[in-house]
Amino acid sequence: MVSKSVLRKLSDFELEKYIKEDNRFVPEAVSMAFEILVERGRIFTEEEKSAVQELIQSKKNAEEAKLTEE
């Protein structure tokens, strides 16, 4: 379980790692990091927003696939 209050303590630089491709974070953490960056005034282009949404969705799909394998 990811705690948003824990993520809020991270720097913008650290949060940026959550929204990069090939990270090891769960989709909820990626989503929360994105939300926190937006709240802090980080401006994302439409391409960046789409890339983050695709990353979150692909991680969710991977989690679901893992669950159905078991």
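This is a predicted model: local features need pLDDT of at least 70, side-chain atom pairs count only at pLDDT 80 or more; totals for chains, interfaces and linings use all residues.
Two helices pack against each other. Helix H3 covers residues 27-39, and helix H4 covers residues 46-69. Their axes lie 9 Å apart and meet at an angle of about 160°. Angles over 145 degrees count as roughly antiparallel, so H3 is roughly antiparallel to H4. The crossing of the two helices is left-handed. On the H3 side, the contact is made by Pro27, Glu28, Val30, Ser31 and Phe34. On the H4 side, Lys49, Val52, Gln53, Leu55, Ile56, Lys59, Lys60 and Glu63 take part. By class, this contact has 6 nonpolar, 2 polar and 5 charged residues.

The loop between H2 and H3 holds Asn23. Asn23 is buried, with a relative accessible area of 14%. This value is under the 20% limit for a buried residue. A polar atom of the Asn23 side chain lies 2.7 Å from the backbone oxygen of Lys20. Residues up to four places away in sequence set aside, Asn23 touches Lys17, Tyr18, Val30, Leu55 and Lys59. Among these partners of Asn23, Val30 belongs to the H3 side of the helix contact, while Leu55 and Lys59 belong to the H4 side.

Asp22 lies in the loop between helix H2 (12-18) and H3 as well. Asp22 is exposed, with a relative accessible area of 75%. Asn23, in contrast, is buried. The backbone of Asp22 also deserves a remark. Most residues other than glycine have a negative phi. Phi of Asp22 is near 60°, a positive value in a residue other than glycine.

Helix H2 itself contains Glu16. Is the charged residue Glu16 buried or exposed? Glu16 is buried, because its relative accessible area is 18% and the limit is 20%. The side chain of Glu16 has a partner. A polar contact of 2.8 Å joins the side chains of Glu16 and Arg42. Beyond its neighbours within four places in sequence, Glu16 is in contact with Leu37 and Arg42.

Terms used: Residues are numbered from 1 along each chain as its sequence is written. Side-chain values use heavy atoms; hydrogens and water are left out. Axes are lines fitted to C-alpha atoms, for helices over the stretch in contact, and angles run from 0 to 180 degrees between N-to-C directions. Helices (H or I, at least four residues) and strands (E, at least two) are DSSP runs, numbered from the N terminus. Angles under 35 degrees count as roughly parallel, over 145 as roughly antiparallel, 65 to 115 as roughly perpendicular and the rest as oblique. A crossing is left-handed if the near helix is turned anticlockwise from the far one by less than a right angle, and right-handed if clockwise. Contact means heavy atoms within 4.5 Å. Ala, Val, Leu, Ile, Met, Phe, Trp, Tyr, Cys and Pro count as nonpolar, Asp, Glu, Lys and Arg as charged, and the others, Gly among them, as polar. Buried means under 20% relative accessible area, exposed over 50%, partly exposed in between (1.4 Å probe, protein chains only). A polar contact is a pair of N or O atoms within 3.5 Å; within protein, one must be able to donate a hydrogen and the other to accept it, and residues adjacent in sequence count only if both atoms are side-chain atoms.
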